Amino acid sequence: MSQQRVYYLLTAVSGFLWTFAFTLLLVFHVQVAHLSPVQLVLVGTVMEITCFLGEVPTGVLADARSRTLSVQLGLILIGLSLLLQGGLPTFGWILAAQVVWGIGYTFTSGAIEAWIADEVGEERLTHVFLRGQRLELGAMVLGSAAAGAVGLLGLRLPMLLAGAGYLLLAVVLVALMREPRFRPAAADERLTFGLMRATFTAGVRQARQRPLVRSFLLVSLLVGLSGEAFDRLWTAHLLDVFALPPVFGVTSAAVWFAGLAIVGQLIGLGANYAVERAGLTESGHLPRLLTVLVLVQVAGMIGFALAGALWAAVGALWARNAARALSGPLESAWLNRGIDSSTRATVLSVNSQFDAIGQVAGGPPLGALAGRTSIPVALLVSAGLLAPAAWIFARLGRRSAALARP
């Protein structure tokens, strides 16, 4: 099996497992673990602190030793974290599970993109990433549907089954995942502190010297500042403010939130297909497209916070989530073109680390703000924090256009 097909398998199966586990996760936190708004945000903050501490060491490991090994270790830890969280649904154990999950995530963060970028070549990356996302979104629809069905039997079950699924996926990838174009460090240099320091320094040097990378780091910081509170509080906002009507005679929140996820994923899938068909993924269009997608996210967050009717809030949520999902592969393809292969995973990990810094810095204050005032106030502040990212992408577009002129 070609490594491109292995990448598609990885994105599809992990997409299914992710939504199977996480579609009802916040409902589980609210209705089973009975976490408060502050505790909901603290759960995310602990995870992000772990990601912050683990991103660079695991990124360097991927560059210095093996990207496939890094991915496989990460999937194992993610699976174990879900088993822990589903088996022991108390605040303390949920926090412990976030530490395990965060370490696992950092092993996969950057390593997957760096691995496939080497194997397929930079010129094909945008197409590969967008097709991979379409497969992922299709699998996520199935995962959300499965979560809704299984969640009727118990909100713990999706997490427990997904945890076992991640462990099985890691075993399958041991047999299928290869990296023939990867050039690790020489055998006498591997996994030494000197090599880690040299690789990290080279990655940071790229981030400091290249305007594109610096701009992406700032965008990641803003996304983290705005995203943590919104991602942790939107479920509580819907449950607190709106009465969820029965769906086909079923009143379970599991069915409602699975349905919300499925429709949102279908919207994202349609947007992905339409954007590539329209030719908007070419380099010259990316800055404008990403600027528009940020503005759609900001408008969706504001609309969700202020909506007085359930369906208005849901529509705003779908718009925000679809724009956010579409931004991911476009940003990844653009950034991967601007960094060297030898430090690619490290630079991508530094980029993820800036997102983690933002989430750690923004999550607790906004969670406290929600507790002192209201959740909608915290959501509006989150929207305001994201808005400058649109200006950054617009500025990158002007700079790229100026450089392209003869």
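Biologist: How many helices and strands does the chain have?

Modeller: The chain has 16 helices and 0 strands. Here helices (H or I, at least four residues) and strands (E, at least two) are DSSP runs, numbered from the N terminus. This is a predicted model, so local features need pLDDT of at least 70 and side-chain atom pairs count only at pLDDT 80 or more, while totals for chains, interfaces and linings use all residues. Residues are numbered from 1 along each chain as its sequence is written, and side-chain values use heavy atoms, with hydrogens and water left out.

Biologist: Good to know. What share of the residues counts as buried?

Modeller: Of the chain's 406 residues, 54% count as buried. Buried means under 20% relative accessible area, exposed means over 50%, and partly exposed is in between (1.4 Å probe, protein chains only).

Biologist: And the accessible surface, how much of that belongs to carbon and sulfur atoms?

Modeller: Carbon and sulfur atoms hold 67% of an accessible surface of about 16500 Å². Those areas come from the Shrake-Rupley method with a 1.4 Å probe, and for residues only the protein chains shown count as cover.

Biologist: What about contacts between residues at least 6 apart in sequence: what percentage joins residues at least 24 apart?

Modeller: That comes to 87%. Contact means heavy atoms within 4.5 Å.

Biologist: Let's switch to charges. How many salt bridges are there?

Modeller: The count is 4, where a salt bridge is a side-chain nitrogen of Lys or Arg within 4 Å of a carboxyl oxygen of Asp or Glu. Side chains of opposite charge can pair when their charged atoms come close.

Biologist: Which residue does Glu228 meet in a salt bridge?

Modeller: Glu228 meets Arg232, at 3.5 Å from N to O. They are 4 residues apart in helix H10, so about one helical turn separates them. Glu228 is buried, with a relative accessible area of 2%, and Arg232 is buried too, at 11%.

Biologist: Which residue forms a salt bridge with Arg320?

Modeller: Asp231 does, with the closest N and O atoms 3.2 Å apart. Because Arg320 lies in helix H13 and Asp231 in helix H10, this pair ties together parts that are 89 residues apart in sequence. Arg320 is buried, with a relative accessible area of 4%, while Asp231 is partly exposed at 22%.

Biologist: How about Arg324, what does it form a salt bridge with?

Modeller: Arg324 also pairs with Asp231, and here the closest N and O atoms are 2.9 Å apart. Arg324 lies in helix H13 and Asp231 in helix H10, so this pair ties together parts 93 residues apart in sequence. Salt bridges that share partners join Asp231, Arg320 and Arg324 into one network. As for cover, Arg324 counts as partly exposed, at 31% relative accessibility.

Biologist: Which residues line the second largest cavity?

Modeller: Val223, Ser226, Gln297, Met301, Arg320, Arg324 and Leu386 line it. Helix H10 (211-241), helix H12 (286-306) and helix H13 (310-337) each supply at least two residues of that lining.

Biologist: Last one: is His34 buried or exposed?

Modeller: His34 is exposed, with a relative accessible area of 57%. His34 lies in the loop between helix H2 (25-31) and H3, and its phi is near 55°, a positive value in a residue other than glycine.

Methods. On a 1 Å grid over the protein atoms alone, a cavity is a set of points where a 1.4 Å probe fits but cannot get out, and a pocket is an open set with protein on both sides within 12 Å along at least five of seven lines; lining residues have an atom within 4 Å of a point.
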